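The tour moves from stop to stop.

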Amino acid sequence: MFVGAVFFPLLGACISGFLNRWIGVKAAMWSTVICMVLAAICGSLSFWQVAMGGQPATVTLFTWMDVGELEFAWSLRYDTLSAIMVGMVTFISTLIHLYSIGYMSHDATPPRFFAYLSLFTFMMLMLVTADNLVQLFFGWEGVGLASYLLIGYWYDRESANAAAMKAFIVNRVGDVFFMLGMALTFLTFGSLDFDTIFAAASSKVDVTFMGIPSLELIGLLFFGGACGKSAQLGLHTWLPDAMEGPTPVSALIHAATMVTAGVFLMCRMSPIMEYAPFALSVVTVVGASTALFAATIGCVQNDIKRVIAYSTCSQLGYMFFAAGVGLYQAAMFHLFTHAFFKALLFLGAGSVIHAMSDEQDIRKMGGIWKKIPVTYVVMWIGSLALAGIPIFAGFYSKDAILEGAFGAHSAVGMYAFICGILAAFLTAFYSWRLLILTFHGAPRADKHTMDHVHESPAVMLIPLILLACGAVLTGMIFAPYFIGDEYVRFWNGAIFNLPSKHMMEAMHHVPEWVPTLVLTVAVSGIVLAIILYGFFPKVPGRIAAAVPGLYRFLLNKWYFDELYNAIFVQPAKRLARQLWQVGDTRIIDGMPNGAASLAAGTARGVVRLQTGRVANYAFAMIIGLVVFVTLFLMGR
Amino acid sequence: MNAAGFPILSLVTFLPLVGVLIIMMVRGDEAVVASNARWTALWTSLVTFLLSLILWAQFDKTTADYQFVEQVSWLPDFGIGYIMGVDGISVLFVLLSTLLTPLCILASWTSVQNRVREYMIAFLILETMMVGMFCALDFMLFYIFFEAVLIPMFLIIGIWGGPRRVYASYKFFLYTLLGSVLMLLAIIALWFQAGTTSIPELSEFDIPFNMQVWMFLAFFASFAVKVPMWPVHTWLPDAHVEAPTAGSVILAGVLLKMGAYGFLRFSIPLLPEASAYFAPFIYVLSIVAVVYTSLVALAQQDMKKLIAYSSVAHMGIVTLGIFTFNQQGIEGALFTMLSHGVVSGALFLCVGVVYDRLHTREIARYGGVAKVMPGYAMVFMLFTMASIALPGTAGFPGEFLVILGAWAVNPWIALGAATGMVLGACYMLTLYRGVAFGKITKDDVRALLDMEAREYAIFAPLIVLALWMGIYPQSFLSFFSVTVAQMVQQHQAAIGAASRLAGL
């Protein structure tokens with residue numbers, strides 16, 4: 001069961017990837033779906049047994065490396081933390097495989113797509129069930145590879161290729177920190193196994209490295225890695241571009257699972273992070289800033305997928321600052337609920353795009369809600385959950401995070417709280433901006449497109465409906481376990497909270513006005529968006545025209561891409577050319593080539609002496625004789 | 001006599017020469033000679049490979065001693081003997097050489113059409129010299145093999161190479177020879193001191209520090225060129241670009257390892273104090289190599305040149321790992337050497353596959369190959385990922401261990417090595433994107449055929465190795481762990497003794 005949950009997707013990927021020529025396209029596609037269903041069954045059973053039943057387990061497969069004191073194995077670690085992820089990933093991935101059968105039906109090479117998708121799922125499962133940092137890194141890089149392949153899936157589009165490369169390289173920048181974090185962990189603990197590290201964490205508090213407490217530095221380095229994968233401020237630039245991939249990919253990888261790997265890492269490393277207060281403050285500040293920053297951009301984007309992408313970026317910020325104030329449980333809970341409603345929103349957006357003949361610009365939509373009612377309803381549910389309206393899933397987790405940030409009673413906690421509240425307002429605003437522009441108002445698409453608007457087939461709608469159920473129910477059902485009364489038994493030690501911090505209690509003891517405020521901003525964001533876009537559709541344009549500088553600044557995503565292009569990409573290219581043409585060709589090669597041509601030149605000069613005329617030789621001989629005799633006589 | 005019961009190392013070394021004799025005896029018209037030469041060379045190298053597998057099976061991983069030792073006195077008056085033997089460091093390189101040779105012969109099956117007989121002879125002689133070099137336990141013998149490798153390689157580049165082959169082959173020859181002359185001087189000096197050139201005996205011998213410094217520099221001159229380290233690397237791109245595909249494979253796969261092997265076999269055990277003294281210098285050169293050549297690779301428009309520069313960058317990781325003097329660093333360096341042999345060899349073969357079809361190495365001439373050659377695209381992707389050290393592929397364990405080892409010495413060095421991770425991804429993905437992705441705009445690209453069975457057969461063992469080394473590297477690491485552990489321990493003891501003396 002434990003092994004099956006992880007390896008069935010790999011089996012599916014291999015069947016679809018290598019055998020599609022023999023078994024045919026249909027069989028290849030469905031074989032991955034069947035493998036995923038099997039994995040989901042195993043995954044759910046594991047979740048039941050490990051998290052609900054409280055029976056963690058570790059399956060060791062075989063040794064990976066054994067070098068000196070360094071030793072680690074391939075193994076599957078099932079504790080509550082990984083069981084949650086396994087259950088969630090296999091479930092959502094199965095739905096998205098199913099959805100893709102409909103969505104990719106017109107594609108030229110669907111088996112390749114399904115192979116990548118299953119490969120991704122396998123890598124993600126390896127990541128979450130890792131028992132040591134290196135295996136986690138294997139999954140970490142593996143999902144990066146799968147994401148690269150899937151973003152660049154339509155490889156005849158230049159923009160897709162560029163986006164895929166950007167995603168991989170930006171992620172690699174984060175991975176450098178991860179790698180160095182592993183190196184320092186090994187130097188500090190002499191091991192990379194979680195059990196060994198976690199057991200020794202409290203005894204290493206005083207260890208310093210180059211004058212800095214080692215644990216702080218480890219925390220910061222891992223956070224650097226997490227920033228890359230989870231698109232936090234500074235390393236976020238790849239995520240919006242990643243929307244070049246097919247929409248199911250955006251739903252699975254760039255919303256529900258892969259991008260949350262950074263949050264998962266922070267939670268997994270909680271026994272170390274808890275002893276690194278400075279690193280946690282950094283996590284809080286960066287997370288809170290990202291939450292707000294991404295939300296501001298989300299308000300002005302016009303591509304339906306990009307709006308949701310920035311919303312993902314923003315929600316990841318929430319998870320990070322939750323972890324930063326020490327509420328790993330709430331971070332994981334938000335990760336869990338977010339996976340459902342964000343996958344739902346993306347797949348809903350995919351359904352809209354499908355209906356609109358591959359149009360993604362919300363300025364060219366509108367007036368389609370009657371034609372695609374199911375999509376419309378599920379998009380509402382997803383947005384309600386995202387905005388954190390009561391009874392929907394997002395309400396429970398977002399509320400907990402904001403209350404926790406307030407309850408932390410620290411400066412960074414307060415900063416996070418303020419950013420979080422502002423972002424919550426903006427989240428509600430851009431979600432309803434999206435809903436209204438997409439579905440309501442006068443149709444802005446051409447007639448031909450409008451005539452073709454149709455509801456998606458059942459194979460796409462069933463996953464949507466199931467995810468919608470998840471977006472409604474998961475909060476209600478799981479809140480007591482993740483963050484409520486049952487939490488100690490549920491987590492079963494998988495997450496470590498410093499006993500002196502009492503964050504789990506502080507969260508529940510905040511003034512009455514805090515939850516009220518959270519709800520108020522969300523509702524007012526919705527109302528504002530409905531008024532502006534629903535009733536006075538000319539006003540937003542006028543506002544944008546009134547503050548053109550701000551509008552352009554937001555529209556161009558705070559100019560991060562331009563900045564990076566100017567300070568990293570272009571100089572690197574210039575330097576590369578300089579080093580090659582001047583450094584290598586002119587200087588390093590110049591010396592031996594110069595020496596060679598000097599030797600050749602000298603030789604040519606000497607050659608000229610050999611004229612072949614006897615008179616010249618005789619003359620030279622006589623001169624030589626004279627010189628020799630003179631010297632001989634003078635020397636005597 | 002030894003674990004195999006017969007002189008296996010000499011047999012593996014000199015068996016290819018038997019193939020040479022057979023090829024030379026063949027007479028007839030050109031086509032018959034060519035086909036005979038091909039088949040003879042293939043079978044000879046395959047038999048050699050199978051024979052060398054005995055080493056894999058019989059090697060005792062629990063001891064750091066030399067194994068399968070053969071000893072014949074050769075010039076007893078001078079203390080020079082014919083001694084062959086392998087330990088954990090060299091045994092896998094013998095196997096790498098014997099594995100790559102048949103693959104190279106297969107890769108040249110159709111692409112080499114003129115002077116096939118001479119070509120195959122050159123390759124078989126090359127194999128003898130490479131294997132001999134890794135097995136030699138006498139310094140003089142080592143030197144002879146080490147230098148003799150140059151001759152067939154010089155011919156392969158100079159005769160069967162591209163348009164600028166003469167320039168490239170001279171450059172290659174002169175660069176490497178110049179360094180070797182200094183090494184010869186050092187060997188003679190060593191012989192004057194110790195009276196022997198047997199490596200096991202020499203390693204017992206204490207060399208005064210002053211002399212160590214001079215000898216280290218002399219060895220360095222030779223090995224650094226072979227590695228190649230920055231700034232004496234410029235012969236490599238030229239040699240690679242002009243060499244035929246199989247020549248590039250051997251050059252990248254085995255010849256580049258000779259320098260690093262020299263450092264491990266001679267510099268560190270014989271000259272421990274000088275090695276420690278010069279280590280910071282090596283770190284700087286290695287980091288410069290990683291960053292500088294990665295950047296240069298980014299600017300290349302020629303596929304082979306790009307991979308050649310990436311080789312220099314990987315070799316920077318190797319030299320860095322060797323001079324960390326700790327178990328992780330050295331094992332990482334050894335593993336990187338092996339994996340680089342497999343992966344860069346395979347990458348050159350990948351270039352060869354499309355070069356054979358379109359006869360150009362310019363990246364911009366391709367684009368969209370994935371559409372017409374899906375099998376090729378998959379193979380190429382695997383090796384691209386292995387080259388950028390994705391975990392689970394052959395490139396990862398080595399780079400990971402070196403960074404771990406380097407961090408223990410100095411975190412900034414580790415950071416420098418780790419920037420190679422980012423830059424490596426940049427240039428390899430640029431290459432892959434340029435060749436495999438994009439829209440097909442050229443008719444000759446649209447007409448390309450996917451790989452044939454012969455080509456799959458060449459890649460199959462390399463694919464298996466690239467994954468095996470990534471997923472279960474232990475079966476390779478276990479070969480050298482004992483030897484390296486002993487080496488690290490001896491190095492520390494030597495340094496400790498030296499510093500105690502200095503304290504007095």
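The stops below cover a helix, some ring pairs, charges over rings and a glutamate.

This is a predicted model: local features need pLDDT of at least 70, side-chain atom pairs count only at pLDDT 80 or more, and totals for chains, interfaces and linings use all residues. Residues are numbered from 1 along each chain as its sequence is written, chains are lettered from A and ligands numbered from 1 in the order in which they are written, and side-chain values use heavy atoms, with hydrogens and water left out.

**Stop 1: a helix in chain B**

Select residues 245-270 of chain B, helix α11. Helices here are DSSP runs (H or I, at least four residues), numbered from the N terminus. The expected span is 1.5 Å times one less than the number of residues. Now centre on B:Leu251, where α11(B) has a kink of about 40°. The bend is the angle between axes fitted to the seven residues ending at a residue and the seven starting there. Of the 26 residues in α11(B), 25 are buried (under 20% relative accessible area, 1.4 Å probe, protein chains only).

**Stop 2: ring pairs**

Rings of Phe, Tyr and Trp (its six-membered ring) pair if their centres lie within 6.5 Å; planes under 30 degrees apart are stacked, over 60 edge-to-face, the rest tilted. The count over all chains is 84 aromatic pairs. Select B:Phe93 and B:Phe134: they are stacked, 5.5 Å centre to centre, with 20° between the planes. This pair links distant parts of the chain, 41 residues apart: B:Phe93 sits in α3 and B:Phe134 in α4 of chain B. B:Phe93 is buried, at 1% relative accessible area. B:Phe134 is buried too, at 1%.

Next, take B:Phe139 and B:Phe219, a tilted pair at 5.6 Å and 45°. B:Phe139 is in α5 and B:Phe219 in α9 of chain B, 80 residues apart. Both are buried.

**Stop 3: charges over rings**

A charge sits over a ring if NZ of Lys or CZ of Arg is within 6 Å of the ring centre and within 35 degrees of the ring normal. Select B:Lys226: its charged end lies over the ring of B:Phe146, 3.7 Å from the centre. B:Lys61 sits over B:Phe479 at 4.5 Å.

**Stop 4: a glutamate in chain A**

Which helix holds A:Glu141? It is α5 of chain A, residues 133-151. A:Glu141 is buried, at 3% relative accessibility. Its contacts (heavy atoms within 4.5 Å), leaving aside neighbours within four places in sequence, include A:Asp175, B:Ala389, B:Leu390 and B:Pro391.

How values were computed. Helices (H or I, at least four residues) and strands (E, at least two) are DSSP runs, numbered from the N terminus. Buried means under 20% relative accessible area, exposed over 50%, partly exposed in between (1.4 Å probe, protein chains only).
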